Amino acid sequence: MAKLPPFPGTTGRRDWRTAFDAIRKLMANGDDTTQVFRIMRALNVGNAPMNYARFIATEQGGRLAYQRAELAQVFAQPGYAKQFAPGTVGATYNHFLESTGYSADGLAEVSRINAEEELHHPYAWFGRRVRDTHDIWHVLTGYKADESMGEAALVAFSYAQVGGLGWALIGTAAALKSIRVTGSRLFAKAVWEGYRNGRKAKWISGEDYEQLLREPIDAARARLNIVTPTAYLHAQRELGEEMASYLSNRREVNAATEKLAA
């Protein structure tokens, strides 16, 4: 595989002080997505050229890189997610957006704390591509996005797929804290399973997502070797909603809103 030069202007050094400050804040409030991007910037040194080289070496990566579609803009077009046939990845993604209240370009807004995210550079473009398909990865893997355990498991899956110590730090910290908070290892086992499943799966960052959305979801999972997360589903049943989302304040906010409305 070709070896590409580093991201322009980077030192090649990891910023552990920033990473540990950000992980402390993220573990205190799992809804503070800004901290995720601080961690990624601090620790994912060298990740961009590695993944971009892998991408353009794939069968369709060169064409996709040449076209340089900004997927957040594509997915956020009015009515875009509603166009897909029932049972497809796209239809499941549309249900995901409607059920969670998330938006196709929501992560793009949060990530703008990192100036590198918006650079006119191939590495930055590929980074945006990974960012903008995060919720589609939720759909493909079955890991819930509005749940701490689902996010942590997908973080571990992402580390297996695209590397980067930032993903590893987040997944490990969430798993270790879960043992203390939940009193069991079920959450941690679900996170470890996410990593193993990510290792087994095809490298999905190389997919043409506009075509993938049109594919039947069961067929897409089979083709990409994305297996059912059995340990995760078992942990969901055993821990219940409260423990599966111990990092999130969203439930408390929703509960308070319901009380005010009553």
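This is a predicted model: local features need pLDDT of at least 70, side-chain atom pairs count only at pLDDT 80 or more; totals for chains, interfaces and linings use all residues.
Modeller: Residues are numbered from 1 along each chain as its sequence is written, and side-chain values use heavy atoms, with hydrogens and water left out.

Colleague: How many helices and strands does the chain have?

Modeller: The chain has 16 helices and 0 strands. Helices are DSSP runs of H or I with at least four residues, strands are runs of E with at least two, and both are numbered from the N terminus.

Colleague: What makes the pairing of arginine 128 and glutamate 70 a salt bridge?

Modeller: The term requires a side-chain nitrogen of Lys or Arg within 4 Å of a carboxyl oxygen of Asp or Glu. The N to O distance between arginine 128 and glutamate 70 is 2.7 Å, so the pair qualifies. Arginine 128 lies in helix 8 (residues 122-132) and glutamate 70 in the loop between helix 4 (61-67) and helix 5 (71-75), so the pair ties together parts 58 residues apart in sequence. A search of the whole structure finds 10 salt bridges.

Colleague: Why is arginine 128 called buried, and why is glutamate 70 called partly exposed?

Modeller: Buried means under 20% relative accessible area, exposed means over 50%, and partly exposed lies in between (1.4 Å probe, protein chains only). Arginine 128 has 5% relative accessibility and therefore counts as buried. Glutamate 70, at 22%, therefore counts as partly exposed.

Colleague: How do you know that lysine 202 and glutamate 207 form a salt bridge, and which class of accessibility does lysine 202 have?

Modeller: Their side chains meet at 3.3 Å, N to O, which is within 4 Å, so the term applies. Lysine 202 is partly exposed at 42% relative accessibility, while glutamate 207 is buried at 5%.

Colleague: Which residues have the most contacts inside the largest nonpolar core?

Modeller: Phe75, Val89, Tyr93 and Leu140 have the most contacts inside this core of 72 residues. Helix 10 (residues 148-162) gives the most to it, with 8 residues. A nonpolar core is a set of buried Ala, Val, Leu, Ile, Met, Phe, Trp, Tyr and Cys residues joined through side-chain atoms within 4.5 Å.

Colleague: What does tyrosine 93 touch?

Modeller: Not counting residues up to four places away in sequence, tyrosine 93 touches Phe75, Ala81, Ala104, Asp135, Ile136, Val139 and Leu213. Contact means heavy atoms within 4.5 Å.
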